[in-house]
Amino acid sequence: MAGVSDKIKSIVGFLTSGFDSRDDIFDDMANEIGDEYPVSDNLALEPMYASSPVKTPVSNVVSHPGFRGYEVLVCEPRSYDESVQIVKHLKEKKTIILNLHLLDKEQSIRIVDFLCGATHALNGNQQKIGDTVFIFTPSNVSLTAESQKSKFIRDALWNQPQ
């Protein structure tokens, strides 16, 4: 084993023999720079140059590349066949306001049933707005409605005689 360790020491000695330790390298550097650059124990006291930090505006808002904003479509279908296209819009995260004034009662019921099922499958919301008007929202849009009871309570509290 002694032969192997001697062999390794000779290889390492050969590789490091070109590097001489120089303690005066910092003195040479100080002479090149001159007296303009004060140092103490090889540490710079102050730089010869001045720099100002680059100020970048800090913003925590990150834009989503695919976000086009919320879109609301008003649909007035003329037949039940158009309900498939309305579901496609709902799948594209668009809010649908459905006005059924152009259809008879039977086709209106079929379209509303179909769209309610599709909206439920997409985790969306639906609400009746008027006699023939409905709103269908995708899962990323919250839909809340004020009930008749809460309207009555609010009106009773605010319309009391003084």
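Guide: Let us begin with a definition: contact means heavy atoms within 4.5 Å. The model shown here is predicted.

Visitor: Which residues does Thr137 touch, not counting residues up to four places away in sequence?

Guide: By that definition, Thr137 touches Leu90, Thr95, Thr119, Gly124, Asn125 and Leu143. Thr137 itself lies in strand β6, which covers residues 133–137.

Visitor: Why is Thr137 called buried?

Guide: A residue counts as buried when its relative accessible area is under 20%. The value for Thr137 is 1%, and Thr137 is therefore buried.

Visitor: What makes Thr119 count as buried?

Guide: Thr119 has 0% relative accessibility, so Thr119 also falls under the 20% cut-off and is called buried. Thr119 is part of helix α4. Leaving aside residues up to four places away in sequence, Thr119 is in contact with Leu90, Gly124, Asn125, Gln126, Phe136 and Thr137.

Visitor: How much of the protein is made up of buried residues?

Guide: Of the 162 residues in the protein, 17% are buried. The accessible surface of the protein is about 13,600 Å², and carbon and sulfur atoms account for 55% of that surface.

Visitor: Why are α3 and α4 called roughly parallel?

Guide: Helix α3 spans residues 83–91 and helix α4 spans residues 105–121; they pack at an angle of about 25°, and their axes are 10 Å apart. Angles under 35 degrees count as roughly parallel. The angle of about 25° is under that limit, and α3 and α4 are therefore roughly parallel to each other. The crossing of α3 with α4 is right-handed.

Visitor: Which residues of α3 and α4 meet?

Guide: From α3 come Ser83, Val84, Ile86, Val87 and Leu90, and they meet Ile111, Phe114, Leu115, Ala118 and Thr119 of α4. Eight residues of this contact are nonpolar, two are polar and none is charged.

Visitor: How many helices and strands does the protein have, and in what pattern do they follow one another?

Guide: The protein contains five helices and six strands. Along the sequence, their pattern is α-α-β-β-β-α-β-α-β-β-α.

Visitor: What share of the contacts joins residues at least 24 apart in sequence?

Guide: Among contacts between residues at least 6 apart in sequence, that share is 46%.

Terms used: Residues are numbered from 1 along each chain as its sequence is written. This is a predicted model: local features need pLDDT of at least 70, side-chain atom pairs count only at pLDDT 80 or more; totals for chains, interfaces and linings use all residues. Side-chain values use heavy atoms; hydrogens and water are left out. Axes are lines fitted to C-alpha atoms, for helices over the stretch in contact, and angles run from 0 to 180 degrees between N-to-C directions. Helices (H or I, at least four residues) and strands (E, at least two) are DSSP runs, numbered from the N terminus. Angles under 35 degrees count as roughly parallel, over 145 as roughly antiparallel, 65 to 115 as roughly perpendicular and the rest as oblique. A crossing is left-handed if the near helix is turned anticlockwise from the far one by less than a right angle, and right-handed if clockwise. Ala, Val, Leu, Ile, Met, Phe, Trp, Tyr, Cys and Pro count as nonpolar, Asp, Glu, Lys and Arg as charged, and the others, Gly among them, as polar. Buried means under 20% relative accessible area, exposed over 50%, partly exposed in between (1.4 Å probe, protein chains only). Accessible areas come from the Shrake-Rupley method with a 1.4 Å probe; for residues, only the protein chains shown count as cover.
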